[in-house]
Amino acid sequence: MTLTRALVVCLILTVVVLFGQKHGLWGVREAARPPPPTPAAIAFQRAQQEAAAREAAAREEAARLAAVAQPEETPDVLPPGEGREETFAACTACHSTAVIRRSRLSRERWDELIDWMVERQGMNPLDAEHRRLIVDYLATAFPEAPPAAGRRAVSPFLTD
Amino acid sequence: MKQKRQIGRPERGLLELYQDDPERADALVWGRRGALRGAALASMGAALGAAIPFAGRMPEGLLPAALAQPAPSGGGGQGGPQMIRLEGKEPLILQGERPLNAETPETLLDDEVTPASKMFVRNNGQVPEAPRDPRAWKIRIDGEVNQPLEITVGELEGGRFPLVTRRLQLECGGNGRSFFSPQTRGNQWGNGAVSCGEWTGVRLRDLLQAAGLKESGKFTGHFGADPHLSGDPNRQAISRGMRIEKALDEDTIIAIRLNGEPIPLIHGAPARLVTPGWPGSLSQKWLTRIWIRDRPHDGQGMGGTSYRVPVQPIVPGSRNDGRDFVDLESMPVRSVLTNIAHGTRLPAGTRNLDVRGFAWAGDKTVRAVHVSVDYGATWHEMRVADPANRYAWQRWSGRVSLPTDGYYEIWYRATDSDGRMQPHVAGNWNPQGYGANPISRAAVLVG
């Protein structure tokens, strides 16, 4: 009997001690350690980090490209002349001036180019006066280059 | 060996003389019978800063290359082209910032497989924003098919269709445009709007088969995500198409990798068409849709004078609406010299010169490459390697002799498998300047 009683008291004491320990009434308080991450969770986290890095890199690249593609140009990048400001405004609505500055075309072909811009590239049509001003400017500032290859490059058939 | 230095700066006098009155200049320089005369020869030599050993063979009316074209070195030399530095790229020749266009100097094209850092850049619209999730990028195939197909880049990567890897030449339809006289409109490309990268992707024909191409499907129409320059969301920056036969070619692919890496944004990430041998505009970047049509496509960049050439040659410089033109398909034969820059100065006493480069010919192959250092009087056959695979460019190499010190021009000319050579001048002039592939000339100075 005594043994049984002793055992029961022991059991109760053990339960009380463990209960108290678990709920922090005494003993060393130890934070519950989270379970180690599973391989799947590690992979997921890495994928998320990579995606974020990719996104940041893409945003940076886009910003860099935008900076290159939107050069801060002002009309004085073009040679002076009547119609320079109007030409700059009309053309740089879509494209930078590099392609203009590199072109050497006759007045007829500058005129034709405006048609092409309107019909094929979605440029806003110019009223007649505005158009004359711009074509005159382009033909004066960027006239057809004399053929460097000598007299044979001048076509005897060119009448248009 | 070679110094990247520009040849003694051409005196303005001679160039101006030609620009003011070419006929008089020719008469002064060449004399009535077309022979380069004593004093004039000396003055041309002085302008170049060198003796001209093969002056007797210099064709009448052709300006020495050193006067006719700017040296391409990025050294900021007088008269050289403006260069552009882009992230992850070597310095390229600036054609324009908006749209962003840049050309590769010929001497940067010396690799068998062109690294992304050396690829030319061609845009018609704005560069779109990079996709947040490249694998979720969708490509739709519809029109004349039994079962419209929508497939993601992730699925393409996943191997639902066989992935193929090929070295494919990709060339702008306007490559060589600057050689036309009179000048034509558009970017003034030299020979450097070309690359030969190693592309990985799926064959377009496998996708067309999966979608069930109908008998009535005769033509493609391509769409990409790049916004129009004006920002108008209802306009395509470019939307071209090709005959169904080319779409079914085993080397026409939807690429998802370049040289083993994801495609850089500027080159069409995450997926683009690669249609080798035909104008680069058919290799739609940022590909979103292929519309199979029962008639030729009529998107932006189709019809009129766009990517079209005359069947019946027209007077250079004349006006033409292009109604009777045909679409430019296979690109013409062309070569580049990759180990010696135009304007290179060589040490005195240099008598032998190793030269090398690449040559290609659209749908065809290159049969021969010849080099002349005496203005075409004599030609020397170079070695030409076989292409690594169909549509890869071909390495050419050899050695030429220079009898004395002085000014020389290296002329290089490829011949395609049908026997067609690069001509002496750009022919079949057309308003937008397609198909110019004349013999190229690089000036060197010995001593």
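Two residues count as in contact here if their C-beta atoms, placed from the backbone, lie within 7 Å. Keep that cut-off in mind for the first stop on this tour of a predicted model.

Start in chain A, with a pair of helices. Two packed helices are described by the angle between their axes and the distance between the axes. For helix α5 (residues 107–121) of chain A and helix α6 (residues 128–141) of chain A, the angle is about 130° and the axes are 9 Å apart. That angle makes α5(A) oblique to α6(A), since anything over 145 degrees would be needed to count as roughly antiparallel. The crossing of the two, α5(A) and α6(A), is right-handed. So who touches whom? On the α5(A) side you'll find A:R107, A:W110, A:D111 and A:I114, and they meet A:R131, A:V135, A:L138 and A:A139 of α6(A). Sorted by class, this contact has 5 nonpolar residues, 3 charged ones and no polar ones.

Now hop over to chain B, where 3 strands make an open, antiparallel sheet in the order β1-β2-β3. At its edges sit β1 (83–84) and β3 (101–103) of chain B, each pairing on one side only. Strand β2 (residues 92–96) of chain B is tied to β3(B) by 3 bridges, and these two run antiparallel.

Strand β17 (residues 352–360) of chain B is a handy landmark here: β15 (residues 334–337) of chain B pairs with β17(B) in the antiparallel sense over 4 bridges, with B:L337 partnered by B:G357. Strand β17(B) is also joined to β21 (residues 394–401) of chain B by 8 bridges, again antiparallel, and there B:A359 faces B:Q394.

Most residues other than glycine have a negative phi, and most peptide bonds are trans. Chain B has exceptions to look at. The bond from B:S181 to B:P182 is cis, with omega near -5°, and B:P182 is in the loop between β6 (163–171) and β7 (194–203) of chain B. Another cis bond runs from B:A269 to B:P270, with omega near 0°; B:P270 lies in the loop between β10 (261–262) and β11 (272–274) of chain B. As for phi, B:W286 has a positive value near 50°, and this tryptophan is found in the loop between β11 and β12 (287–293) of chain B.

Terms used. Residues numbered from 1 in each chain as written. Chains lettered and ligands numbered in written order. Predicted model: local features only at pLDDT ≥ 70, side-chain atom pairs only at ≥ 80, totals over all residues. Axes fitted to C-alpha atoms, helices over the stretch in contact; angles between N-to-C directions. Parallel < 35°, antiparallel > 145°, perpendicular 65-115°, else oblique. Left-handed = near helix turned anticlockwise from the far one by under 90°. Nonpolar A, V, L, I, M, F, W, Y, C, P; charged D, E, K, R; others polar. Pairing = 2+ DSSP bridges.
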